[in-house]
Amino acid sequence: MLQFYVSVSVQTQFVVDEVSNVIKEAVESTIGGNTYQQAKVNQWASSVVESCLGALTKLQKPFKYIVTSVIMQKTGAGLHTASSCYWDNSTDGSCTVRWENKTMYCIVSVFGLAI
Amino acid sequence: MEFQYVYIKKRSEFGRQCFFTSEPGALSCDIPPDPELAAQFIHVNPVHRGTQVGCEMSEHEVSTDRAEFATTGINHAEGGWARDINPQDVEQTTRFKKKVEKDDMYMSSVLQLGALMEHCIKQNNTLDMYEEYFGGEQDGGPAGEGSTGAKTVNVFRDPCPQRRAVSSLSWSPDATRLAAAYTSLRFQSSARDLPVQSFVWDVENPSRPDYTLTPPDSLVSLEFNPKESFVLAGGTYRGRVCVFDRRRGALPVDLSPLETGHADPVYSTVWVNSKSGAEIFTASTDGMVLWWDTRKLSEPIESLILDVNKTQEPSLRAAQGATVLEYETTIPTKFMIGTEQGTVIQCNRKGKTQTEKIAAVYQAHLGPVQQVQRNPAFLKNFITIGDWSAKVWSEDCKESAIFWTNPGEVRLTGGSWSPSRPSVFFTSKADGTVDVWDVLYQQRLPVLTIQVGDSPLETLRVQEAGALLAAGSADGQITLLELSDTLVNSGKNDRLVLTAMFERETRREKILEGKNREARLLKKMKEGNSAVSERSSTISPGLTASARLEKEQTEVELIEDAQSTFFDTVCQVKSARRDVQMSQMAEKGVVADLDGAEFQAPDLAAADEADQPPDAVSGTAVPGSASRQSATKVSSTTGKRSSTIAKKSSTSTAAADVSSTAATKASSTGAPVPESETETASPTDATETETAGSSSLVTAVDDPAALGRALSVAEQIARVVDSLEEAVDDLLDPTSEETGATEDQSTEQTES
């Protein structure tokens, strides 16, 4: 079997650190310092996602992105999420950021798939 | 959200094979449950949530008109009669009273009311609530103290487009309305089609007149009926008299025809206090005063011609034009007229003949008399306003006013006493000012001068309460002034002081009058016996007579004599002027008789000369007759005129112009004297004395001081008739003057 070894440049690689920084920044800017308010949570969730995605596309990388965010009020309940992927491991990647303050958790997942 | 991403892919990289590998499931997030956090939350069941459904309301405030309340008390004297009872009717009231007394409840109600009344009366008796606490206070000192002023309350303008002058004002009896007559008094003024309406104004409303009066031609004078405020009487420019009734419209109710009215504008219309309450009298410059009954104005009920000359037949030609009437309702039969010639004539309506009707004539002013009015508090004194000064007269003093204001620079057009303050009077002037005078404070200057406007003021009227003054001007504007309290209220002492002042001035004038009369008489006698007096003065008996007289005189009389001689010279000037006037009238052949009648002195040959007709005198003129008779002939031949003038030359000795005529006449009498002198030899001495007498007369004329001395001497002689007779007797003694004496005797005999 022929195996092609393709050199992948940094430009075309999913860099997890860079992306997690981007996410943290986006979440912080959206809901940093707020307490959980049921009326505003919907709006927060969508704005977190939009700001993440906007920052990611600014990186100008040839990737397809999928961003999800979960905001949960701290009431003593537990939360468990998992994910599994079938992709090209050399070029694609994912990143999950868990952010919290006194009253809520915010978990944002970004999956980047190279074009 | 909208994202745009442009990327570049190499062609070589298109269709790159994707090497799939499976990524094992990775836990993304793991948060264990935390019960402590759960403890922070409690379960609320049930949940209470409040809702509200209410209708919206709005709030408004409303305030009704406030009703004014005032608490007053009533002094109930008599009243409470039933509606069908006339309280004036005694019969009805007594009948009602009897009926009530028979009523059952009468007794008990009277007892009950009686108890109440008793209580009130007892209260009243213990404390007098009407007690005057500050009785000693003086209210309103003389007009000079305190603030005096007048402020303009309202100005009423003639609403017609062509402005006419206000000729007359009249207040209604209830003082709410002011009637004004508008006319153009300028002789033959250009616009003969001036609107003729006159207006009655409501004092409160200056924007438009209350009602209009439409006479046939413009009104010159207008008066409210003092008894009925609806009726007005007016005199028009063409001499007609009309009566208006406000309830019956603007046109006059009755109108006098042109034939029976006046011939000149009716300058004054006054209501008379009569039984019928419907009588007016009017005056005009055509010399007539007419009485009318307002119910029937077809012809006057009485008339009076203002001819002051005491003749049998009053003639219109000699009549004086009347400009203003004065009538006081408390003296119903007497009235006064101010004339164009400047005299004030006091008349008595009850007189039968002309002379009885005209009671007195006062020479008031140099021009037409604008206003005559009696002082409301002192009816014997009246004020006349004319030419440039205002004069206050007393009825008793006929010669001159008792006091007068200094002549101003501007002519006075009207005036009035203040009805409330007897010492204050107002005058209006042709420069548009109103002067307020207070005779108790200052007689020389007005207390207050108010500039009402620019155009000359024509008329002035004070309302009866004394606080409001209306002044009408030549451009149709009426200004209503309100006077300050000091001018309206009189002090307690005002009346007493004013009475004393009037009496004092009247007494002074009377003394002067007396002295004047005596001086005139003496002058007459002196002239008649000028030769006699001259001769007697040189003779000792005459001197002893005068010396005797002097001894008899007390010091007071001497002072009085000195005063009188001073005043005599003044009076001589006055009488000289009057004589000149009369000489002019003598030319018209009217006054000569009056002259002779008035200045009659019993023994005076000169007066008798005037009476004698020329024929008789010439008849008595015998050749060789005395120079006196020749003098008579001369004077009579030259006619009455010269006789009067010759007489006048004897009377008027101080005036230089008349003295010149005297000199000429004396010379003319002297000229024929020498002629007769040639005829007769005997009366030469007499003629000499005659000429000496006349020349002495001339010399006396030139020297007033000597004349004064001569007059005082003449006075003393005249005091006693004996001294005169003595002088005549003395004349008989000297031989040369015997014939002179016989002349006198002969003339006396002829006259008798």
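Which residue in S22(B) is the bridge partner of B:Lys391? It is B:Trp404. The model described here is predicted.

## The four-stranded sheet

Chain B holds an open sheet of four strands, in the order S19-S20-S21-S22. The pairing is antiparallel. Strand S19 (369-374) and strand S22 (403-404) of chain B are the edge strands, each pairing on one side only.

Strand S21 (residues 389-394) of chain B pairs with S22(B) over two bridges, in the antiparallel sense. B:Lys391 and B:Trp404 are bridge partners.

## B:Ser256

B:Ser256 lies in the loop between strand S10 (254-255) and strand S11 (266-272) of chain B. Its relative accessibility is 0%, so B:Ser256 counts as buried.

The B:Ser256 side chain reaches the backbone nitrogen of B:Val241 at 2.8 Å. Beyond its neighbours within four places in sequence, B:Ser256 contacts B:Arg240, B:Val241, B:Trp292 and B:Leu297.

## The interface of chains A and B

Chain B and chain A bury about 2900 Å² between them. Carbon and sulfur atoms carry 58% of that area. B:Tyr5, B:Glu23 and B:Ile31 supply 23% of the area that chain B buries against chain A, more than any other three residues. In contact terms, 29 residues of chain B meet 32 residues of chain A.

Eight residue pairs are in polar contact across the interface. Salt bridges there number zero. S1(B) gives the largest share of the side of chain B that touches chain A, 11 residues. By class, that side has 19 nonpolar, five polar and five charged residues.

## Pairing between chains

S1(B) also pairs with strand S2 (residues 79-87) of chain A. The pairing is antiparallel and runs over eight bridges. In it, A:Ser83 stands opposite B:Ala26.

Key
Residues numbered from 1 in each chain as written. Chains lettered and ligands numbered in written order. Predicted model: local features only at pLDDT ≥ 70, side-chain atom pairs only at ≥ 80, totals over all residues. Heavy atoms only, no water. Pairing = 2+ DSSP bridges. Buried < 20%, exposed > 50% of the residue type's maximum accessible area, 1.4 Å probe, protein only. Polar contact = N/O pair within 3.5 Å; in protein donor to acceptor, adjacent residues only side chain to side chain. Contact = heavy atoms within 4.5 Å. Buried area = accessible area lost by both parts, 1.4 Å probe. Salt bridge = Lys/Arg side-chain N within 4 Å of Asp/Glu carboxyl O. Nonpolar A, V, L, I, M, F, W, Y, C, P; charged D, E, K, R; others polar.
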